[in-house]
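Thank you all for making time this morning. I would like to walk through one structure with you, beginning with a term that we will need along the way.

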Amino acid sequence: MAEVIIVGGGLAGLAAAAALGGEGHRVTVFESRPFLGGRATSFPLSSPGHDCEIIDNCQHTLLRCCVNLLDLYKRLGVMEHIRFHREFYYIEPGGRTSVFRAGALPAPFHFTSAFRRLHFLGFREKLAVARGLLALRRESNRPGLGDMTMSDWLREKDQPPRAIDRFWRPVLGSALNEELDRVAAAHAFFVFRLGFLARHDNYEMGVPAVPLGDLFGPQVWPRLGNVEIRLQSRVERICVQQGRATSVLVDGVAQRADCFISALPFERVTPVVPELGLDVSSLEHSPITGIHLWFDRSVTDLPHAVLLDRTIHWMFNKSGGRYLLLVVSASRDLLGMSRADVIALAVKELAEFFPAVRTAAVEKAHVVKEVRATFSARPGIESHRPPAKTAIPNLFLAGDWTRSGWPATMEGAVRSGYLAAEALTIGLGAPKQFVLPDLV
């Protein structure tokens, strides 16, 4: 069995570690921060007059079609902590609520009855959306989808502005963390084909019932036996000699291994291993903002909701309707705002959906701006995403920004880690398959 070093303890690196450790390889994961999970993590928050508590940096969810992420949860023994929801709640300003849930018909017609119950769209808008979904299914192999924006495609299909704002944008904005006029139609097609049209239950949303740190933290790794986690261990360089990676430099000390996986963000790869000659200049980030609010009383009993027509996109009920986590995807407009202004905006908008907010007091609040949350899935980007295999035969790449076959999601990150692990086993002459096929 091989000695493997993985640089980066985000989901991609952890997926590779779980796959290879499960096969008996001796794996060491070096993570620069004091916690695992990368952008899918939690941390302690303390504030004057309040007990310290663990919060997630932002709400991370999955769908049942995220089969490789679910496989990782099974490997780590944490599946019991994922709660699946079959109902999605859409709320308009003023409080009118629509419930979106699959009906009895088989896919792809399982949402027929759900559309009839959507109050936030008129009859003509529902017909337009239905035509759009049929066109999307019909044009799934259309050439050039990767080079046009989803906005262009929606205009081509005569989608009404309100149908775009209230149906297409909420789904795609949360799934891809990007605006419709910036995201490639191919990525948007992928979300709808797999998440909403392929199988009856693919759309069901899984929400962790525990802090993210409990899903990926050091305490879950002893079950795999062969994986060693080294936190607060920043890799300064991956050393390459005579065309092969030989070691990593950590705090000035060389750590040797047979094979290496870089699971770093794309902006860090070149400084750590310039010998790869990797060109990531075409890759950009898209931000996401999480707004944590604690009220002195319960303001809602809904578990989650899509909030329409406002800056806030999602509400997640974290604890009894008193602690809410609000999410704003592709949140470029919030980056220049002060913490106080973001909180004031969030409370003002939230009161339009939940009247109880008007008489409730905010006991504390916290804002997390993930400036580098995901890569921007712009038109033409696919050709710039590198594969797991590199020009250095014992060095492999992982990360949601690599060519995983998925957008920048937790599933995409895990798939990339599994793909890197597969490429590594091929290089060792003992190929193994870790990636599970999509549920289509």
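By a salt bridge I mean a side-chain nitrogen of Lys or Arg that lies within 4 Å of a carboxyl oxygen of Asp or Glu. Please keep in mind throughout that what you see is a predicted model.

With that term in hand, let us take a pair that meets it: Glu363 and Arg322 form a salt bridge, and their closest N and O atoms are 3.7 Å apart. Glu363 belongs to strand 19, which covers residues 362-375, while Arg322 sits in the loop between strand 17 (314-319) and strand 18 (323-329), so this pair ties together parts that are 41 residues apart in sequence. Both partners are partly exposed, Glu363 at 40% relative accessibility and Arg322 at 36%.

Altogether the structure holds 34 salt bridges, and I will pick out a few others. The side chains of Glu31 and Arg33 meet in one, at 3.6 Å from N to O. Is each of these two buried or partly exposed? Glu31, with a relative accessibility of 6%, counts as buried, because the cut-off for that word is under 20%, whereas Arg33, at 35%, counts as partly exposed. Asp296 and Arg297 form another salt bridge, with 3.1 Å between the closest N and O atoms; here Asp296 is partly exposed at 28%, and Arg297 is partly exposed at 37%. There is also a network of salt bridges, which links Glu178, Arg182, Glu284, Arg332 and Arg378.

Let me now step back to the whole protein, which has 11 helices and 20 strands. Its radius of gyration is 22 Å, close to the 22 Å that the globule rule gives for 440 residues, so the protein is as compact as a globular protein of that length. Buried residues make up 56% of the 440. If we consider contacts between residues at least 6 apart in sequence, 67% of them join residues at least 24 apart.

Strand 11 pairs with strand 12, residues 244-250, over 6 bridges, and Gln241 stands opposite Arg244 of strand 12.

How values were computed. Residues numbered from 1 in each chain as written. Predicted model: local features only at pLDDT ≥ 70, side-chain atom pairs only at ≥ 80, totals over all residues. Heavy atoms only, no water. Pairing = 2+ DSSP bridges. Helix = DSSP H or I, 4+ residues; strand = E, 2+ residues; numbered from the N terminus. Rg over C-alpha atoms; globule rule 2.2 N^0.38 Å. Buried < 20%, exposed > 50% of the residue type's maximum accessible area, 1.4 Å probe, protein only. Contact = heavy atoms within 4.5 Å.
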